[in-house]
Amino acid sequence: MKNELFNSLKFVEDNFPNGFRKSESSKSIPRVRFEAIAVGTNLALRKNPRLVIDNVKWINSNEFKHWTTSDAANNKSKVIGRIEFVKNCLEGNQELIQLTYDS
């Protein structure tokens with residue numbers, strides 16, 4: 001499990017420009033955001049340890065924001081939804097072209 005943790009953290013460091021943070025200048029990391037990225041990444045890496053991605057734009061999508069807002073943050077369906085959203089984006093199972101973004 002320790003290796004899985006280190007592999008997931010390394011993957012995030014190598015592939016997400018701001019790591020777990022919302023922006024470069026962010027001073028804190030919301031728990032739900034960390035949870036979604038860390039666990040979703042770990043699940044994707046379990047399935048494909050040689051995972052290579054070239055797009056993490058989805059991290060700024062309205063859909064990701066929906067899953068990581070504070071309302072009902074501990075609701076079981078939201079926990080599973082946000083983790084699965086990250087996993088699906090990393091595995092290429094999410095239609096990235098259909099995601100929406102604020103201007």
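Predicted model: local features only at pLDDT ≥ 70, side-chain atom pairs only at ≥ 80, totals over all residues.
## Basis

Local features need pLDDT of at least 70 and side-chain atom pairs count only at pLDDT 80 or more, while totals for chains, interfaces and linings use all residues. Residues are numbered from 1 along each chain as its sequence is written, and side-chain values use heavy atoms, without hydrogens and water.

## Helix α2

Helix α2 covers residues 31-47. Helices here are DSSP runs (H or I, at least four residues), numbered from the N terminus. At 1.5 Å a residue, its 17 residues should span 24 Å, and the end C-alpha atoms are 24 Å apart, which agrees. The expected span is 1.5 Å times one less than the number of residues.

## Packing on α4

The axes of α2 and α4 come within 8 Å and cross at roughly 50 degrees. Axes are lines fitted to C-alpha atoms over the stretch in contact, with angles from 0 to 180 degrees between N-to-C directions. The contact (heavy atoms within 4.5 Å) includes Val32 and Ile37 of α2 and Val79 and Leu90 of α4.

## Packing on α1

α1 and α2 pack at about 105 degrees, axes 9 Å apart. That makes α1 roughly perpendicular to α2. Phe11 and Val12 of α1 are among the contact residues, as are Ile37 and Leu45 of α2.

Terms used: Helix = DSSP H or I, 4+ residues; strand = E, 2+ residues; numbered from the N terminus. Parallel < 35°, antiparallel > 145°, perpendicular 65-115°, else oblique.
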